[in-house]
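Have the model open while you read.

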Amino acid sequence: MTSFYTKINTPDWVKNAVFYQIFPDRFSRSIPTEQKWLLNIPLEDWNTTPTFHGYKGGNLWGIIEKLDYLQDLGINAIYLNPIFTSASNHRYHTLDYYQIDPLLGGEEAFTNLLKEAHHRKIKLILDGTFNHASRGFYFFNDILENGQNSPWLDWFKITGWPISPYDNSRPANYASWCDLRALPEFNTNNSGVREYIMRIGEYWIKRGADGWRLDSADYIKTPGFWQEFRERIKAINPEAYIVGEIPMNATEWLDGTQFDGVSSLPFLNATTAFIVGDRQVKGHFAEYAPPPPADAAKYGEEINQLLQLYPWEIQLTQLNGINNHDTARLIDVAGGDRPSLYLATLLLFTFPGAPCIYYGDEVGLTGGYDPDCRKGFPDKEEWNQDILEYHRQLIKLRHNYAALKIGEYQTLFAQGQVYIFARILLKEVLIIAVNAGNETAEVSIQTSWRSQPHQVLLTYGYGTVNWNNEAAQPSLNFTLTPRSGLILG
């Protein structure tokens, strides 16, 4: 299947990782004595509905305080949304790629976070926005001050004069991400820009970061750019994880010379369509709108097409999730239907690739489209303990069974609202069955495993399963309760 690809090498640790995505301004807030001044600034109330431009003051010190919680949950990798200085609460408007935002605790907090995370054997992945910077970025600001006399003109895509970074009534006269004039695009064809970005990538890996998540990676079209980025990062740390944000088909980036994986939408969309179905709440922006409902056959078709797109070595290091900082939380998409969250999470943790929990999902945090999906992490008394325990059990299973991490994926049954598949690694076979329908389902599937005992072990979930090896072709007979799933080991 992969004969036309170059030799694929991806970080082994990612195959064993359970990621936790943190939006730093909203996860946790703690201030050491010497930085108490950070509390003497206007901040939104932690528990109120977030706004597009308000800060709640979450920081890296707060993340450090919650590392024990994450370790106890079973998390062994953290993906941080941007932490560099920025004039936005999400920090995708980078002002300085070499400085940690002071509101997050600055250099001291980052150094301590790296130390404490690595002490707990937790990897730390940084978010790099290299397609564009902000209009406050020094090199672009020099253009605003000096116009055509600026030495940095060719670092950006200036199309005319005068440029207009704030006045929407006039043409911007420079290229920007999605025509947002706050985000001027780099001219990555310029050798100086290219070298500048490469050195940023190298700098933070040398500092101890374990990899990069690359924002809007498909927007950079310069030939050889990401190949060089990979070579230079891997020269410093061959086990560094390089994952691109490519929304849909990423074949051209996943040839073994660029990314180890992508954080994409196909798994999220297919799982939402099947599990949430017609419970979906509409009204989101088109690019993140919930897909139309799908039955098990459609789900199986889309999942298997996805698994055929890329080399298997890369399938095992994809970064998968059921929602993120750009989407409404799945429980909100499903109109508050908790079984939708349970079943989607079950499919996430049994699918090839590294599962990634978006902060707060594990305690039942809700949220609609941006900025509502970026609420403050709730106080402990507001945690949903049932949802938390569900996550704990699935994370434990993921860590305990190698087949769930690197085993072959094989669809066994896909009819109506019932989907059954297996993860197989040598003699370790796990069977996962999901009934996304509202009625009890009776399903029988033939197997080739004659040596199984008369009773199979229900490792996790709800339902009953009997194994019949008396017939010419052995079979597994499932009784699946409505809106439930199980794992057989």
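The chain splits into domain 1 (12-131 + 188-400) and domain 2 (407-488), with bounds taken from an automatic or database domain assignment. Their C-alpha centres sit 32 Å apart. Keep in mind that this is a predicted model, where local features need pLDDT of at least 70 and side-chain atom pairs count only at pLDDT 80 or more, while totals for chains, interfaces and linings use all residues. Residues are numbered from 1 along each chain as its sequence is written, and side-chain values use heavy atoms, with hydrogens and water left out.

**How much they touch**
- On the domain 1 side, 26 residues are in contact with 24 residues of domain 2 (contact means heavy atoms within 4.5 Å).
- The two domains bury about 1,900 Å² between them, with 67% of it on carbon and sulfur atoms; buried area is the accessible area (1.4 Å probe) that two parts lose on being put together, summed over both.

- One salt bridge is counted between domain 1 and domain 2 (a side-chain nitrogen of Lys or Arg within 4 Å of a carboxyl oxygen of Asp or Glu).
- Arg-483 and Asp-337 pair up through their side chains in a salt bridge, at 2.8 Å from N to O.

**The domain 1 face**
- Helices H9 (266-275), H10 (296-309), H13 (338-349) and H14 (385-400) are the elements giving two or more residues to the side of domain 1 that touches domain 2; helices are DSSP runs (H or I, at least four residues), numbered from the N terminus.
- H10 supplies the largest share of that side, seven residues.
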